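Trainee: Please take a close look at one part of this model for me. I would like the place where the two chains meet, with its setting.

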Amino acid sequence: MIGFVERRLLQALLVLLGVSVVVFTLVRLTPGDPARVALGKRATETQVEEARRRMGLDRPLPLQYLVFLRRVVLEGDLGRSYRTARPVLSDFAERLPATFELASAALALALALGVPAGVVAGVRRGGWLDHACQVGALVGVSMPVFWLGYLLILALGGVLDYAGRISDRTVFAFQTHFYLAEALARGAWPVAADCLRHLALPALALSTIPMAVVARITRSAVAEVAVRDFVRTARAKGLPARAVVLRHVLPNALIPVVTIAGLQFGYLLGGAVLTETVFSWPGLGTYTYDAIANKDLPAIQGVVLLFAVVFVAVNTAVDLAYAALDPRVRHGVR
Amino acid sequence: MGSVERRALRRLGRMPSAWAGGLLVGCFLAVAAAAPALAPHDPVRGDERERLTPPGVGGHPLGTDALGNDVYSRVLHGARTSLAIGLASVALAAAVGIPLGAVAGYAGGRLDALLMRGVDVLLAFPGILLAISIMSVLGRSLGWLCLAVGVVGIPAFARQVRAGVLAERALDYVQAARALGARWPRLVFATILPNCLGPIIVLATLGLGSAVLEAAGLGFVGLGPEVGTPEWGSDISLNRNLFQAAPWAVVAPGVAIAAAVLGFNLLGDALRDVLDPRSS
């Protein structure tokens with residue numbers, strides 16, 4: 001019998017194979033002959049025929065799939081973007097760090113505000129703050145994230161002196177594409193402040209849904225733990241209410257919160273596509289938006305494949321971390 | 001209507017959130033039904049000379065957009081588009097997801113594993129990216145939009161129904177029906193499934209909300225219905241570059257999206273409290 005870790009990894013691998021089949025199918029469903037698209041309108045029939053052979057389009061579909069898989073997995077070749085005329089993978093290398101910074105900032109915000117709100121709501125169930133949190137969470141998940149972005153710019157854009165793009169990008173000559181992290185690491189405070197100013201609003205917009213989810217999960221986890229015997233014992237010992245919550249309730253309630261936070265990462269990636277455009281944040285979201293606007297199919301399919309791989313990897317890591325924390329999961333006890 | 005249903009309805013009637021949600025959903029349905037009668041202007045034949053008229057001027061209660069169309073009329077007509085997408089996509093998700101989950105849950109073993117791994121693959125695409133990739137291949141159209149949003153909704157139905165069928169399968173009434181000679185299609189769809197209906201109704205209600213939200217997101221990135229069709233997400237996208245100068249054309253469709261989605265979420269949560277015994 002194989003262990004939990006091996007089983008989970010195998011499952012992730014199978015899912016990724018499935019993902020590659022879906023993406024390959026979408027590539028093949030794309031209207032228009034790829035050979036003709038690659039050569040342009042003025043190519044002759046023989047040239048197109050020759051290109052089809054060269055690109056392997058004359059071979060049976062399952063074989064084409066295997067070739068596609070080998071190219072993607074072994075060579076990291078996701079094709080060439082029609083729009084930037086560069087390999088999709090090098091475009092990604094430039095854009096992913098910014099999206100990673102945005103998603104991390106949004107997740108940090110969601111945890112920093114969602115956990116305390118959920119704790120207070122869970123401890124004082126039925127109180128006004130509990131009701132306020134619940135209403136806020138419900139409204140938060142009902143708003144389109146991109147629209148919220150525009151509202152934030154209207155409301156706070158003036159205060160933050162928000163002006164489209166990161167202004168120092170050309171002057172400062174970034175070595176990497178982790179804008180905020182690099183500015184901080186190099187001690188360039190004005191540049192970091194500028195990055196932060198540009199990051200604040202998109203991160204806030206993107207964080208609303210994860211924040212609502214985190215607050216809701218924290219609330220129910222806290223409420224569940226708060227009635228356990230060890231909490232009653234702690235209280236009976238005479239510990240102040242604050243210490244009971246911080247030292248006994250919260251650590252036990254955090255496990256599901258961490259899991260949910262990990263799972264929200266997928267939402268953050270999808271949400272980034274809708275949010276970055278609003279704020280001209282130079283990440284994969286804006287890249288995807290431009291790709292859609294230009295019918296740049298290799299780029300779109302590359303983004304989808306990449307995001308799915310990242311998402312599956314994060315989910316698997318969360319599951320494994322969960323199993324490491326909770327032996328019941330490892331041994332299949334429910 | 002049995003006594004159980006009547007009791008559920010009575011409980012629902014005592015929940016303020018159910019009333020609020022019902023009201024919002026009711027408004028949404030009414031607006032979608034009566035849009036042509038309610039709208040003061042043709043939503044697509046605007047006057048170029050009246051571009052970006054502020055709200056309240058020239059008979060435009062919510063102003064006009066970047067093309068000179070009446071924003072109020074477009075928001076009203078947009079409700080039709082959103083409702084059509086919501087209903088069609090949820091129907092598709094349910095029509096595929098329910099049988100899938102039911103068969104997987106009842107059959108168990110290898111078939112179950114195979115079907116649910118397929119569902120896992122759909123779940124591996126984060127957020128609306130699956131819909132984006134489908135739409136970018138098929139191109140803008142209302143029909144493809146329903147298909148793309150519907151496909152994204154399949155896993156939720158499949159998982160919910162599978163869990164329900166798994167829980168019911170071992171119960172005595174199912175064993176009794178089997179002992180009486182009922183074969184599996186009858187057992188699954190006529191005996192077991194009606195008892196899993198509560199969570200399905202909840203899921204469909206919440207699903208309508210997320211379908212409206214997803215469709216708006218797709219419209220916003222330029223993958224909505226045909227160009228010119230009044231659709232809330234596409235309308236926000238159309239006016240996005242002018243939103244500092246003419247915020248009404250961006251704010252109004254967004255309020256409509258948020259109100260409709262909030263309505264479905266409120267109603268869905270209230271229904272869950274009443275219909276889904278496990279969650280409460």
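Mentor: Start with a cut-off: two residues are in contact when heavy atoms lie within 4.5 Å. Keep in mind that this is a predicted model.

Now take one residue, A:Gln301. It lies in helix H14 of chain A. Leaving out residues up to four places away in sequence, A:Gln301 touches A:Val23, A:Leu26, A:Val27, A:Thr30 and B:Val137. One of these partners, B:Val137, belongs to chain B. Is A:Gln301 buried or exposed? Its relative accessible area is 8%. Buried means under 20%, so A:Gln301 counts as buried.

Step back to the whole contact. Chain A brings 39 residues to it, and chain B brings 38 residues. The size of an interface is often given as the accessible area lost when the parts come together. Here the area buried between chain A and chain B is about 3400 Å². Carbon and sulfur atoms give 81% of that area. There are zero salt bridges between chain A and chain B. Six residue pairs are in polar contact across the interface, with both residues at pLDDT 80 or more.

Which helices of chain A face chain B? Helices H1 (4-29), H6 (128-142), H7 (145-156), H12 (241-279), H13 (284-293) and H14 (297-325) of chain A each supply at least two residues to the side that touches chain B. H14(A) gives the largest share of that side, with nine residues. By class, the side of chain A that touches chain B has 31 nonpolar residues and eight polar ones. Charged residues are absent from it.

Next, H13(A). This helix is mostly covered, with eight of its 10 residues buried. The buried ones are A:Leu284, A:Gly285, A:Thr286, A:Tyr287, A:Thr288, A:Tyr289, A:Ala291 and A:Ile292. What do they pack against? Within chain A, the buried residues of H13(A) pack against H5, H12 and H14. From chain B, their partners are helix H5 (129-138), helix H9 (197-220) and helix H10 (232-238). Just after H13(A), A:Lys295 takes a positive phi of about 50 degrees.

Now the setting in chain A. Its secondary structure comes to 15 helices and zero strands. Of the 334 residues in chain A, 46% are buried. The C-alpha trace of chain A spans about 90 × 60 × 40 Å along its principal axes. Take the contacts in chain A with a separation of 6 or more: residues 24 or more positions apart account for 71% of them.

Chain A is divided into domain 1 (20-75) and domain 2 (96-330). The centres of domain 1 and domain 2 of chain A, taken over C-alpha atoms, are 39 Å apart.

A:Leu89 has a relative accessible area of 38%, so it counts as partly exposed. Neighbours within four places in sequence aside, A:Leu89 is in contact with A:Gly76 and A:Leu78. A:Leu89 and A:Gly79 are 10 residues apart in sequence, with 8.0 Å between their C-alpha atoms.

Back to the interface, in brief. H14(A) supplies nine residues of the side of chain A that touches chain B.

How values were computed:
Residues numbered from 1 in each chain as written. Chains lettered and ligands numbered in written order. Predicted model: local features only at pLDDT ≥ 70, side-chain atom pairs only at ≥ 80, totals over all residues. Heavy atoms only, no water. Buried area = accessible area lost by both parts, 1.4 Å probe. Salt bridge = Lys/Arg side-chain N within 4 Å of Asp/Glu carboxyl O. Polar contact = N/O pair within 3.5 Å; in protein donor to acceptor, adjacent residues only side chain to side chain. Helix = DSSP H or I, 4+ residues; strand = E, 2+ residues; numbered from the N terminus. Nonpolar A, V, L, I, M, F, W, Y, C, P; charged D, E, K, R; others polar. Domains from an automatic or database assignment. Buried < 20%, exposed > 50% of the residue type's maximum accessible area, 1.4 Å probe, protein only.
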